[in-house]
Amino acid sequence: MNAINKAKNATNAFAKNWANFVIKFKWPVLIFTILLATGLASQGKMQFDGDYHVFFSESNPELEAFDALQEKYTKDDNVIVVLAPKNGDIFTKENLMAIEELTAEAWNTPYSSRVDAVTNFQHTSAQGDDLYVDDLSYESVSKTDAEILEIKEKALKEPLLVHRIINETGSVTAINITVKLPGVDSATEIPEVTIATREMITNFKEKHPEFEVYTTGLVPLNTAFFEAAQRDLMLTMVMLLIVIGVTLILTRNIFATIATLFVVLFSIMSAVGFLGLNNIKLTPPSSVFPTMILTLAVADSIHILITFLQKVRKDGMEKKEALVESMRLNFMPVFITSLTTVIGFLTLNFGDVPPFWDLGNIVAFGMTMAFLFSTTTLPALMAIFPIWKKKKSAEAAQEKMGWYTNLGTFVVARPIQLTLISTGIIAILTFLATKNVFNDEFVEYFDNSVQFRTDSDFVNDNLTGFYNVEFSVGSGESGGINNPTYLQKLNAFEDWMEEQPEVVHVNAFSEVARRVNRSMHGDNETYYRVPTNREEAAQYLLLYELSLPFGLDLNNQINVDKSESRVTATLENISSAEMIAFSNRAEQWLKDNAPEPMHAIGVSPTMMFSKLGFRQAESMFNGNIVALILISLVLMIALRNFKLGLLSIIPNVTPVLVGFGFWYLFKGTINTGMVIVFGMTLGIIVDDTVHFMSKFLRARRELGYDARAAIIYAFETVGKALVTTTLVLLAGFIVLSTSSFALNSYMARITVIIILAALIIDFFLLPSLLILISREKSEKTVTRAPQVQTN
Amino acid sequence: MKTIRLFLVASIALHASFISAQTAEERGLQIAKAAEKADEGWGSSSVDLKMVLKNKNGQTSQRFLSNSFLELTEDGDKSLIVFDSPKDVKGTATLTFTHKVGSDDQWLYLPSIKRVKRISSNNKSGPFVGSEFAYEDLSSQEVEKYAYKFIKAEGDLLYVEQDPVDPKSGYTRRIAVYNKDKGYRLEKMDFYDRKNSLLKTLTYEDYKLYKNKYWRALTLNMVNHQTNKETLLTFSDYNFAAALSDENFTEVALKRAGK
């Protein structure tokens with residue numbers, strides 16, 4: 001006890017000296033912190049990265065598999081421009097002319113290598129030994145009605161077009177622009193493509209109002225990520241206004257508000273400097289950092305300011321004296337809460353999703369700086385600003401105090417009952433929490449306010465799917481794709497895929513083999529099957545290769561030494577779990593029906609996202625354990641009590657379980673963004689526990705209260721503070737929950753539930769547990785009935 | 001001082017107007033015609049070549065072909081290409097009649113079905129058997145197929161822009177570098193795609209002079225700057241003594257060549 005008192009005295013002395021120092025050298029301290037913040041900010045750079053690859057770490061197995069596939073075949077991205085003529089028929093002279101015109105224009109897209117449209121489709125027809133290869137509709141202006149009808153019939157029969165470039169009825173068509181991004185700087189390359197295509201579409205719409213135009217594809221996806229990041233960054237402004245409002249209401253002091261504003265802005269400026277120094281490019285998940293820092297940093301300042309103003313207003317202390325006292329009282333709690341928040345955010349590095357590493361590190365740095373500025377800039381500024389004493393607030397506070405006392409009295413009267421009820425509720429919600437399923441459909445990351453989402457939905461509903469799975473099916477020998485056995489198996493795999501309910505379109509080399517075989521036999525439909533002779537197949541392939549148009553080569557579908565070919569299944573909008581199930585089924589089919597070299601695994605960006613949530617959860621698990629251990633240790637040290645440190649795990653862990661339990665009732669599916677909330681919120685909600693327990697212990701140790709009285713004391717002293725910080729946190733995360741980007745908005749929504757749950761648990765379950773575990777002790781000691789109980 | 005400057009300006013202007021007496025277009029066309037003229041009269045030739053395709057990761061694949069050409073002056077040249085490897089396409093052969101105006105005629109012989117197929121296609125911008133060479137790069141270079149514009153001269157090297165006449169061409173323009181001193185042979189060619197970005201560069205190396213008049217590059221290297229793929233053509237010695245005639249460039253000859 002002596003040693004503890006010494007330690008406590010030491011920290012008190014340290015905090016006092018710190019405060020005295022800051023107040024004595026207020027101007028140098030202020031100038032130094034201004035220089036520090038602006039100096040860091042001068043290193044700052046706000047860059048954005050929209051490339052969907054940023055979501056995957058280099059060691060991500062799905063990314064590795066997809067990269068391996070892209071190494072074998074042509075690697076490219078695309079923009080799909082979908083046209084829906086208002087007359088509901090693509091095949092009119094005017095509409096075909098418009099398509100041709102837009103196709104020609106689309107060739108000017110930066111980095112484009114190929115433009116595919118219904119008009120420039122290479123149609124092959126055979127008459128005897130003469131083969132005619134031509135654009136399906138070249139110079140449509142010269143076509144007669146009969147010719148256009150013929151074009152329509154050909155197009156709607158073409159497996160390479162239907163469900164890819166046109167729909168079954170011929171009322172919607174796509175122009176697919178393939179781009180080869182150099183990949184040097186996605187932050188400039190992607191916007192270049194986007195700006196060009198948007199301008200092209202705007203011009204087209206002006207000239208052809210008879211078309212509805214929709215845009216989707218990988219480049220628009222990247223752009224949507226890019227723009228989501230920029231939009232979410234703008235939420236900072238809203239949060240800033242809330243911070244000003246909240247501080248004004250709570251402190252009722254304009255100078256205190258200005259000082260708080262300085263602290264939070266300096267923290268954000270420092271974080272921006274951190275971005276620049278570490279060359280971090282912002283992504284949607286990491287772009288919420290200013291809002292998070294604002295939300296979390298404002299609590300530090302408010303704690304210090306409220307105590308300071310109380311000392312001045314209620315206790316009538318002098319400004320300097322009150323500042324030192326406030327710093328003495330708050331230095332340790334603010335330090336501990338900052339430390340736990342930093343630990344919580346740093347554990348995001350355990351995850352498998354790089355944007356969340358960035359988020360964790362930026363916020364951790366920002367919070368460290370917030371602690372520094374709250375204990376330097378803030379007291380220095382308050383020492384400089386004048387203070388006006390007011391007395392009227394005392395009574396209002398008194399009334400509230402009564403409310404918290406009543407709550408305390410209520411709780412201590414029925415600890416067993418409350419423990420059982422909360423345990424029951426928590427148990428039910430925990431059970432429900434386990435029923436959540438992962439779902440990372442990246443189109444659904446964007447809500448309906450984002451055009452990419454609504455456009456992609458239209459394309460999904462009316463033309464083709466956005467999601468796909470690719471298989472690189474090997475033959476086991478160089479040139480083996482021409483082996484008739486391989487072709488037959490591949491054909492069977494293609495047929496099997498076509499039968500699957502979730503499949504919209506299949507692109508396989510066996511289709512090419514069938515088509516060329518038919519052409520070589522004067523378009524005789526009975527030859528629409530794979531060749532039965534290897535030389536024949538090889539020579540047909542050569543012929544096919546000779547007929548490919550500009551920007552296309554076999555490498556789109558066949559690897560360089562012709563030992564493997566790629567099968568692409570386009571899927572309808574299905575959930576991640578269904579996607580994985582489909583891919584597993586396809587892999588199993590190959591295992592069951594094809595020789596070993598043909599076994600392949602399903603890969604694609606879709607698959608990468610499908611498994612991202614699992615990966616993140618798996619890798620975050622260790623991070624969560626580490627966070628829990630570290631934070632419990634901090635608590636044990638801070639409270640100087642092992643048992644209570646252990647007990648704190650309950651109120652720290654259960655809010656997350658409750659959060660996910662409610663989430664199951666609300667939504668039922670969780671995405672990658674939500675996986676981080678355990679580590680993240682742990683560092684935040686632990687503050688409630690720390691404050692409550694430390695006041696409880698103080699009452700027990702210093703005031704000699706029994707457990708019940710100590711609980712009531714804790715309610716009276718920190719009840720209001722906890723409600724206040726919870727409200728600030730809720731405000732911040734509610735702002736974030738308005739994000740149009742689901743990784744952020746879902747994360748924020750569940751955090752709102754968790755923070756609320758944490759407060760409720762700290763008000764009901766925690767005190768009940770504290771009474772229950774203190775029972776044996778309290779029987780021994782004399783129960784002191786504190787006066788408050790008789791209130 | 002002032003008068004001297006005036007004099008200078010005047011003389012430079014005079015000099016400039018003297019050069020531009022001929023427009024850049026005229027000069028470009030003149031160079032193209034001079035190059036055609038310089039290479040006239042070779043009659044026929046045959047050559048074996050190795051084609052090495054290299055993708056961005058350095059993986060390569062090879063093909064061996066034999067090629068024969070017949071020079072025609074009133075219309076485009078005729079050419080016959082026979083694939084010698086890989087094994088499963090051995091004997092596959094193509095016969096092409098280049099036309100100065102309109103689409104080329106092409107026949108293909110497939111030994112596996114022992115048939116000649118006539119292919120009618122006005123698609124010249126597509127790649128030749130997976131290489132970085134398009135048909136339009138390999139087919140005989142007729143003056144009529146381009147509009148010309150002289151750009152600059154650097155010593156003996158003449159830079160001429162060539163704009164394809166065919167709207168289906170994959171290019172907006174090509175920048176050809178002629179070597180005036182070496183019978184207007186080509187040293188380098190840059191290809192600009194439809195959006196006018198640099199797509200490919202072809203370099204001509206290992207030139208050999210035949211019959212004291214005809215320059216033939218024995219190494220052609222085409223580099224695609226957008227895909228980082230490359231195609232290297234390595235030629236054996238040209239044979240100008242074969243004395244081939246129209247008879248060697250018929251469907252029957254195609255079948256015979258293929259076998």
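These questions and answers walk through a predicted model, chain A and then chain B.

Q: Which residues of chain A does UniProt list for "domain: SSD"?
A: The name comes from a UniProt entry that is unreviewed. The span is 81% helix and 2% strand. Its end C-alpha atoms lie 12 Å apart. UniProt lists the domain at residues 258-384 of chain A.

Q: Are helices α9 and α11 of chain A roughly parallel or roughly antiparallel?
A: Helix α9 covers residues 289-313 of chain A, and helix α11 covers residues 354-375. Their axes come within 9 Å and cross at roughly 25°. Angles under 35 degrees count as roughly parallel. Therefore α9(A) and α11(A) are roughly parallel.

Q: What is the handedness of the crossing of α9(A) and α11(A), right-handed or left-handed?
A: The contact includes A:Phe289 and A:Leu296 from α9(A). From α11(A), A:Leu359 and A:Phe371 are among the residues that take part. The crossing of these helices is right-handed.

Q: How many nonpolar residues are in the contact of α9(A) with α11(A)?
A: The α9(A) side includes A:Met292, A:Ile293 and A:Asp300, and the α11(A) side includes A:Ile362, A:Val363 and A:Gly366. By class, 3 residues of the contact are polar and 1 is charged. The nonpolar residues number 12.

Q: Which strands stand at the edges of the open sheet of 4 strands in chain A?
A: The strand order is β3-β6-β2-β7, with antiparallel pairing. An edge strand pairs on one side only. The edge strands are β3 (112-116) and β7 (211-216) of chain A.

Q: Which residue of β7(A) is the bridge partner of A:Val82?
A: Strand β2 of chain A spans residues 77-85. Strands β2 and β7 of chain A run antiparallel and are joined by 6 bridges. In β7(A), the bridge partner of A:Val82 is A:Tyr214.

Q: Which helix packs on this sheet, touching β2 and β7 of chain A?
A: The direction of the helix makes about 105° with that of β7(A). The helix covers residues 451-462 of chain A. It is helix α15.

Q: Why is one side of β10(A) and of β11(A) left without a neighbour in the sheet?
A: The open sheet has 3 strands in the order β10-β12-β11 of chain A, with antiparallel pairing. β10 (467-474) and β11 (503-507) stand at its edges.

Q: Which residue in β12(A) stands opposite A:Gly474?
A: Strand β12 covers residues 564-571 of chain A. β10(A) and β12(A) pair in the antiparallel sense over 8 bridges. Opposite A:Gly474 stands A:Glu564.

Q: What angle does the direction of helix α16 of chain A make with that of β12(A)?
A: Helix α16 covers residues 484-499 of chain A and packs on the sheet. It touches β10, β11 and β12 of chain A. Its direction makes an angle with that of β12(A) of about 10°.

Q: At what angle do the axes of α20 and α24 of chain A cross?
A: Helix α20 spans residues 605-639 of chain A, and helix α24 spans residues 677-701. Their axes come within 10 Å. The two are roughly parallel, because the axes cross at roughly 20°.

Q: Which residues of chain B does UniProt list for "domain: Uncharacterized protein TP-0789"?
A: This UniProt entry is also unreviewed. The span is 6% helix and 50% strand, and its end C-alpha atoms lie 23 Å apart. UniProt lists residues 76-256 of chain B.

Q: Which residue takes a positive phi in the hairpin of β7(B) and β8(B)?
A: Strands β7 (residues 146-154) and β8 (residues 157-164) of chain B pair in the antiparallel sense over 8 bridges. B:Ala147 stands opposite B:Asp163. The hairpin has 2 residues between the strands. The positive phi, near 65°, belongs to B:Gly155.

Q: Which residue does a cis peptide bond join to B:Ser85?
A: The omega of this bond is about 5°.

Q: Where is B:Tyr184 found?
A: B:Tyr184 has a positive phi of about 55°, although it is not a glycine. Its place is the loop between β9 (171-179) and β10 (185-193) of chain B.

Note on methods: Residues numbered from 1 in each chain as written. Chains lettered and ligands numbered in written order. Predicted model: local features only at pLDDT ≥ 70, side-chain atom pairs only at ≥ 80, totals over all residues. Heavy atoms only, no water. UniProt positions renumbered as here; feature names shortened; annotations may be inferred. Axes fitted to C-alpha atoms, helices over the stretch in contact; angles between N-to-C directions. Parallel < 35°, antiparallel > 145°, perpendicular 65-115°, else oblique. Left-handed = near helix turned anticlockwise from the far one by under 90°. Contact = heavy atoms within 4.5 Å. Nonpolar A, V, L, I, M, F, W, Y, C, P; charged D, E, K, R; others polar. Pairing = 2+ DSSP bridges.
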